[in-house]
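Me: I have a structure open and want a quick walk through it. Can you take my questions as they come?

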Amino acid sequence: MTIISCLRTVSKPSLISQFSKPKPKTQQSCSLVVSSIVMSYDKELAAAKKAASLAARLCLKVQKALLQSDVQSKNDKSPVTVADYGSQALVSFALQKEFPSEPFSLVAEEDSKDLRQDGAQETLERITKLVNDTLASDGAYNTSTLSTEDVIRAIDGGKSEGGSHGRHWVLDPIDGTKGFVRGDQYAIALALLDEGKVVLGVLACPNLPLASIVGDNQHSSNNEVGCLFFAQVGAGTYMQSLSGSLPVKVQVTAIENSEEASFFESYEAAHSNRDLSSLIAKKLGVKAPPVRIDSQAKYGALSRGDGAIYLRFPRKGYREKIWDHAAGSIVVTEAGGVVTDAAGYPLDFSKGKHLNLQAGIIVTNQKLMPALLKAVKESLEEQASSL
Ligand SMILES: Nc1ncnc2c1ncn2[C@@H]1O[C@H](COP(=O)(O)O)[C@@H](OP(=O)(O)O)[C@H]1O
Ligand SMILES: [Mg+2]
Ligand SMILES: [Mg+2]
Ligand SMILES: [Mg+2]
């Protein structure tokens, strides 16, 4: 049996242990190969790319036609649009359609509570029409028209709590809702957790240019927008255009001198402590001004070497959600980057919907991480002592 065919036979971790029993010689050599090779999630990745691309198509359509009346108010005051719900319904529906015989678990940002209120019927019908129109324009799932109840059911497919056992899809149907409403950057972010670890991630960034958004390259002749980043554990990170170009392998920047680095932070000032990031940048000798964009498009941009650092320091008490970082983190780590909390610990996606973090999230390449961690530590101490 060749390495490739051996890999294809292994679709569940439990099968790996079967290889450890005494076996004919060919299977023994196969078990050695399997134990040293990471599992393949090709089928899941293909489904995730398809679902996220479809959701991106829906979002693009809505963003074009966005009216202020589409914006509802949620308890946490963040705007939720018909595109958030439509995107979640589509991805949830598509994944269930792709894997009909497997248990389905989806941890996702939205739920249908507001859509079940009196007066929300018209919004629900608009979402349902959008979902049906998008499915029909693609023709991929060969499905009959969905009812409003089907759409509610699909949205509420995302009620899982996640955790350290089994498989859970993790979805942010529109990350960067504020950017979406402004007409700026946003992402459809989909990841898969297996036994608490992120094993694949897809970021559809409909407004992100294919050319670099940082430094000299930003004046490239290629002004096409719409990127799809995808990564699978052990298999690297790739980018293609949402219009379907061939994927290219991407790598984080190789910069070793922090003075040449430029850094990303949130566009929204309320999402991260800018005084702290500018103190850190100063300690590192960073000369370029911060690049401020919404959503996990920051992780996508970093994965292909636009900029070198991402700094995120929410206010005290804010709890980060796994759907805001799961897909982005594997897209960066598979491209050779490092994603940790402010104390240098890896992010733990196995504890349910939230991440338990020390102070913030920092991202850079392996060479710059030690200097970045030192600058973060010193800056946090300085800020604390000045209070
Ligand atoms: N006060 C706050 N601090 C940090 N993050 C916040 C925040 N309020 C909202 N967010 C999160 O920041 C995400 C956007 O990230 P960014 O700042 O990188 O654009 C939002 O995702 P949604 O837009 O999906 O709600 C939301 O989950
Ligand atoms: Mg939100
Ligand atoms: Mg989000
Ligand atoms: Mg969101």
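**A buried aspartate and its surroundings**

Reply: Start with Asp172, which is buried because 32 other C-beta atoms lie within 10 Å. Buried means 20 or more other C-beta atoms within 10 Å of a residue's own, exposed means 12 or fewer, and partly exposed is in between, with C-beta atoms placed from the backbone.

Me: What kind of model is this, and how do the numbers and letters run?
Reply: It is a predicted model: local features need pLDDT of at least 70, side-chain atom pairs count only at pLDDT 80 or more, and totals for chains, interfaces and linings use all residues. Residues are numbered from 1 along each chain as its sequence is written, while chains are lettered from A and ligands numbered from 1 in the order in which they are written.

Me: Back to Asp172. Which element does it lie in?
Reply: Asp172 is part of strand E4. Helices (H or I, at least four residues) and strands (E, at least two) are DSSP runs, numbered from the N terminus.

Me: And what is Asp172 in contact with?
Reply: Glu109, Ala189, Trp323 and Asp324, leaving aside neighbours within four places in sequence. Contact means that the C-beta atoms, placed from the backbone, lie within 7 Å.

Me: Glu109, then. Buried or exposed?
Reply: Glu109 is buried, because it has 23 C-beta neighbours inside 10 Å. It sits in the loop between strand E3 (106-108) and helix H6 (121-138). Not counting residues up to four places away in sequence, Glu109 touches Asp172, Pro173 and Trp323.

Me: Which residues does UniProt list for "binding site"?
Reply: The unreviewed UniProt entry lists Glu109, Asp172, Ile174, Asp175 and Asp324. They spread over 216 residues of sequence but cluster in space, with a largest C-alpha distance of 9.8 Å. UniProt positions are in the numbering used here, feature names are shortened, and annotations may be inferred rather than shown by experiment.

Me: New topic. Which residues touch the most others in the largest nonpolar core?
Reply: Ala51, Ala55, Leu190, Ala191 and Ala204, out of 107 residues in that core. Helix H4 (residues 42-64) gives the most to this core, with eleven residues. A nonpolar core is a set of buried Ala, Val, Leu, Ile, Met, Phe, Trp, Tyr and Cys residues joined through C-beta atoms within 7 Å.

Me: Last one. How many helices and strands does the chain have?
Reply: The protein chain has twelve helices and 14 strands. Buried residues make up 45% of its 387 residues.

Definitions and conventions
Contact = placed C-beta atoms within 7 Å.
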